[in-house]
Amino acid sequence: MTTTPSTTTSPPPAQSLTDLEDAFRGAAGRFASGVTVVALSGPSGLYGLTATSFVSLSLRPLLVSVSVNTGSALLDEVRAAGSFSVNVLGQDQQAVSKYFATRGRGFSQDAFPGIPSRTEVTGAPVLDGSLAWFDATVEAILPAGDHETLVGTVKAAGRRDGEPLVYWSGGYRRLDPTDPGSPDDRIAPLSAALSEQLSASGLSPADLIDAQLALEPVAAELAAFRHDPETLAALRETMRRAHAATGDPEAFTAEAVAFHTALGRASGNPAIRAALDTLVHARHRHYAAGTDKAATAHTNTAHQVIYDAIARGDAEAARVAMTDHLAVVRTGLRQARPTTGD
């Protein structure tokens, strides 16, 4: 009788903490969720924030929960107020979601700008037009890593007919399977076609850099305001791949260009994203041949500075860092064609 030698397979190497965090964000982004706004009336005024971590926790008693970042101004206010509302947004309320997701908007005194609200039982503002709402008193506030979980006892609730606002993979979606998708999805093929045409038509280096200077400082500023974890992870991934491609000019240029493309997505503005997408081919054509050691080092450093400003939510620093980076790129393009690795 013969036996087959047994074989053992070594387990894959453990992910680094940064890689695991990126993988976690990417995996979590594949979970489709509804979009809510948590709102309150506290000592400093009216305040609200966009959240996708809402759960209808219990029927007996009536409990809901939602997780809030530990750095949010909402936490001290909700402790003082003792109540909050959770407003489930409808498909037609993307603008409401974006307003309450904007960093640095501060407190409102009498009303949210352009967003009508009312009170029901607890005194917390309930947003008019919400697909559903829950008016709750604070039952508990539980620590949960870099978030705290609000648990509320529901005192009143209501709903209207309509379709929900759904968030998935960094963008708003619809339940209808025949829907063509978000504006970003619909314009992507057009942007790709126009990118090829611009490159083929001979877009000059001066025209290219002028377009970048008009668009990318604003994109960096908006990305810092938006501060979206998934698009931040995408920016980090392009930088990681660029560092790994050092010494391979073609591969490095592709990843450096991908950083700027990811920046368009991070801005949250479909028009800016589409415009930056149209520059992909021209950017690669002008910069690839000039990728050298000095240009690679500048690009890696500059992208890190830009990313750091975006990650800490410093819109002014992000805008300035991008402008400074493109000024160096402009100088390189003037000296020779092409002379930068970006």
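Two strands pair if DSSP finds at least two bridges between them, and helices (H or I, at least four residues) and strands (E, at least two) are DSSP runs, numbered from the N terminus. This is a predicted model, in which local features need pLDDT of at least 70 and side-chain atom pairs count only at pLDDT 80 or more, while totals for chains, interfaces and linings use all residues. Residues are numbered from 1 along each chain as its sequence is written, and side-chain values use heavy atoms, with hydrogens and water left out.

**The sheet**

- An open sheet is formed by 7 strands in the order β3-β2-β6-β9-β10-β5-β4, and the pairing is antiparallel.
- The edges are taken by β3 (45-51) and β4 (55-58), each with a single partner strand, so one side of each has no neighbour in the sheet.
- Strand β6 (residues 83-88) pairs with strand β9 (residues 132-144) in the antiparallel sense over 6 bridges, and S85 stands opposite D135 in β9.

**Helices across the sheet**

- Helix α2 (residues 74-81) lies across β2 (36-42), β3, β5 (63-69), β6, β9 and β10 (147-159), and runs at about 55 degrees to β2; here axes are lines fitted to C-alpha atoms, for helices over the stretch in contact, and angles run from 0 to 180 degrees between N-to-C directions.
- Helix α3 (residues 94-101) lies across β2 and β3, running at about 110 degrees to β3, where contact means heavy atoms within 4.5 Å.
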